[in-house]
Amino acid sequence: MRGKKLSVGVRVALTIFALTVFVTTVCATGEKGLPSFNPDGDGISSYASLVFDAAGNLYGTTQYGGAYNYGSVFEVIPKAGGGWKEKLLHSFNGKDGYQTFAGVIFDTAGNLYGTTISEGAHGGGTAFELIPKAGGGWREKVPNTG
């Protein structure tokens with residue numbers, strides 16, 4: 001007996017259905033969803049995608065906000081029992097850059113890297129590195145900060 005092949009249209013429809021069920025399930029279970037940003041503190045206007053670390057924490061950037069309103073780098077940590085907690089890792093101050101439109105990436109040592117589009121030593125943005133400190137926190141390294 002010969003097996004029947006599904007037509008391309010049926011396969012596409014099934015794929016769309018499966019993705020819809022997946023997205024709906026993720027959204028429905030996320031009633032204790034990710035935190036929203038506070039314009040007076042952590043940051044606003046996050047345009048870039050997030051990146052996971054090995055522990056399941058998410059990292060990202062904001063275009064504005066932070067301590068100086070020049071943008072920020074943040075971490076979102078899953079809470080035991082559900083929900084998420086946001087942690088501000090770095091606030092840009094202009095000398096180290098302003099406005100991030102891209103996310104961050106990790107290297108194998110756990111350092112975060114990213115870019116800003118403006119300010120810095122020459123006014124054209126910066127490439128930055130955030131290095132985890134022993135005992136917690138992060139140290140920023142920006143070449144040529146002037």
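Which residues is Thr126 in contact with, leaving aside its neighbours within four places in sequence? I started my notebook with that.

**Ground rules.** I am working on a predicted model, where local features need pLDDT of at least 70, side-chain atom pairs count only at pLDDT 80 or more, and totals for chains, interfaces and linings use all residues. Residues are numbered from 1 along each chain as its sequence is written, and side-chain values use heavy atoms, with hydrogens and water left out.

**Entry 1: Thr126.** I looked up the contacts, meaning heavy atoms within 4.5 Å. Thr126 is in contact with Asp96, Gly97, Gly114, Thr115, Thr116, Gly120 and Val142, neighbours within four places in sequence aside. I found Thr126 in the loop between β6 and β7. Helices (H or I, at least four residues) and strands (E, at least two) are DSSP runs, numbered from the N terminus. Next I checked burial: buried means under 20% relative accessible area, exposed over 50%, and partly exposed in between (1.4 Å probe, protein chains only). Thr126 has 10% relative accessibility, so this residue counts as buried.

I then looked for polar contacts. The term covers a pair of N or O atoms within 3.5 Å; within protein, one must be able to donate a hydrogen and the other to accept it, and residues adjacent in sequence count only if both atoms are side-chain atoms. The side chain of Thr126 makes one with the side chain of Thr116, at 2.8 Å. A polar atom of the Thr126 side chain also lies 2.9 Å from the backbone oxygen of Asp96.

**Entry 2: the chain overall.** I count one helix and eight strands in the protein chain. From the N terminus on, the elements run α-β-β-β-β-β-β-β-β. Of the 146 residues, 31% count as buried. The chain exposes about 9300 Å², and carbon and sulfur atoms supply 59% of that area. Accessible areas come from the Shrake-Rupley method with a 1.4 Å probe; for residues, only the protein chains shown count as cover. Among contacts with a separation of 6 or more, residues 24 or more positions apart account for 35%.

**Entry 3: the sheets.** Two strands pair if DSSP finds at least two bridges between them. β2 and β3 (residues 72-78) pair in the antiparallel sense over five bridges. Thr62 stands opposite Ser72 in β3.

Another open sheet of four strands has the order β5-β6-β7-β8, again antiparallel. Its edge strands are β5 (105-106) and β8 (138-141), each pairing on one side only. β5 pairs with β6 (residues 112-115) over two bridges, in the antiparallel sense. Ile105 stands opposite Tyr113 in β6.

**Entry 4: the core.** Which residues make up the largest nonpolar core? I listed 10: Tyr59, Val73, Leu89, Phe92, Val104, Leu112, Phe128, Leu130, Trp138 and Val142. A nonpolar core is a set of buried Ala, Val, Leu, Ile, Met, Phe, Trp, Tyr and Cys residues joined through side-chain atoms within 4.5 Å. In soluble globular proteins, nonpolar side chains tend to be buried together. I followed Val104: not counting residues up to four places away in sequence, Val104 touches Val51, Tyr59, Gly60, Thr61, Val73, Leu112, Tyr113, Gly114 and Phe128.

**Entry 5: aromatic rings.** Rings of Phe, Tyr and Trp (its six-membered ring) pair if their centres lie within 6.5 Å; planes under 30 degrees apart count as stacked, over 60 as edge-to-face and the rest as tilted. By this rule I have five aromatic pairs. Tyr59 and Trp138 have ring centres 6.2 Å apart and planes at 70°, so the pair is edge-to-face. Tyr59 lies in β2 (residues 58-62) and Trp138 in β8, so the pair ties together parts 79 residues apart in sequence. Tyr59 is buried at 4% relative accessibility, and Trp138 is buried at 17%.

Phe92 and Phe128 have centres 5.0 Å apart and planes at 65°, so this pair is also edge-to-face. Phe92 lies in the loop between β4 (84-91) and β5, and Phe128 in β7 (residues 127-132), so the pair ties together parts 36 residues apart in sequence. Phe92 is buried at 0% relative accessible area, and Phe128 is buried at 2%. I also noted one aromatic cluster formed by Tyr59, Phe106 and Trp138.
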